[in-house]
Amino acid sequence: MSDSNHQNRMQRKKEVVDERISRATEERGVLILLKGNGKGKSSSALGTLARSLGHGQKGAVIQFIKGRRETGEYLFFRDHPRLDWHIMGQGFTWETQDRERDIKAAEAAWEIAKGLLEDPAYNIIVLDEMSYMFKYGYLDPVPVVEALKRRPAHQNVIITGRTMAQPIQEIADTISTVQDERHAFRGGVKAQPGIEY
């Protein structure tokens with residue numbers, strides 16, 4: 001491609017992007033869902049959280065499942081002055097094998113989340129692996145949808161998990177699906193700190 005062809009192509013692309021930017025005038029928080037079987041949903045959410053903290057915003061993380069092991073991200077973020085981190089889970093459901101205990105843990109996590117969703121001091125809230133609470137019937141998505149709709153207008157929320165309840169998807173602003181093409185664990189590579197946790 002010649003320099004002039006490249007320049008013309010990039011100019012047309014710039015015009016399209018500029019037009020989209022000019023139409024995006026609404027200022028409010030967004031609900032982002034990160035779903036799918038691929039690795040990286042929580043990592044993406046925490047990367048966005050880091051970006052938000054970098055801009056001086058206040059955030060919170062509620063982990064609905066992780067809880068048995070101190071993750072690298074928790075060790076990194078735990079002392080941040082503008083971040084609250086709540087590890088509420090009892091571990092993965094196949095490890096606990098105690099439905100009643102898992103439901104109580106989910107309900108306790110939701111009570112904290114509900115309070116955060118009412119607090120205008122928080123700019124960003126990550127509800128990590130919350131989607132499993134709906135899949136397993138530990139939480140009803142309807143009150144969650146209502147709380148998300150009533151949250152402060154500027155507040156951003158990210159929910160992660162493989163599957164997502166339809167009522168949550170219906171009110172989401174952004175939905176990204178992380179696909180699984182290959183995973184080292186299935187190839188026999190042991191989970192390791194810094195990569196899996």
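Trainee: Which residues touch the most other members of the largest nonpolar core?
Mentor: The model is a predicted one. Its largest nonpolar core has 33 residues. Those that touch the most other members are Leu127, Met130, Ile159 and Ile168.

Trainee: Which element gives the most residues to this core?
Mentor: Elements that give two or more residues to the core include the strands β1 (31-35), β2 (59-63), β4 (124-128) and β5 (156-160). The helices α5 (99-117), α6 (131-135) and α7 (141-150) also give two or more. With 7 residues, the element that gives the most is α5.

Trainee: How many residues are in the other core that lies apart from it?
Mentor: This other core includes Ile32, Leu49, Leu83 and Ile124. The number of its residues is 14.

Trainee: Which residues does methionine 130 touch, not counting those up to four places away in sequence?
Mentor: Met130 is one of the residues with the most contacts to other members of the largest core. Leaving out residues up to four places away in sequence, methionine 130 touches Phe64, Trp110, Leu139, Val144, Ile159 and Thr160.

Trainee: Is phenylalanine 76 buried or exposed?
Mentor: Phenylalanine 77 has 8% relative accessibility and counts as buried. Phenylalanine 76 has a relative accessible area of 68%, and the cut-off for exposed is over 50%. Therefore phenylalanine 76 is exposed.

Key: Residues numbered from 1 in each chain as written. Predicted model: local features only at pLDDT ≥ 70, side-chain atom pairs only at ≥ 80, totals over all residues. Heavy atoms only, no water. Core = buried A, V, L, I, M, F, W, Y, C linked by side-chain atoms within 4.5 Å. Buried < 20%, exposed > 50% of the residue type's maximum accessible area, 1.4 Å probe, protein only. Helix = DSSP H or I, 4+ residues; strand = E, 2+ residues; numbered from the N terminus. Contact = heavy atoms within 4.5 Å.
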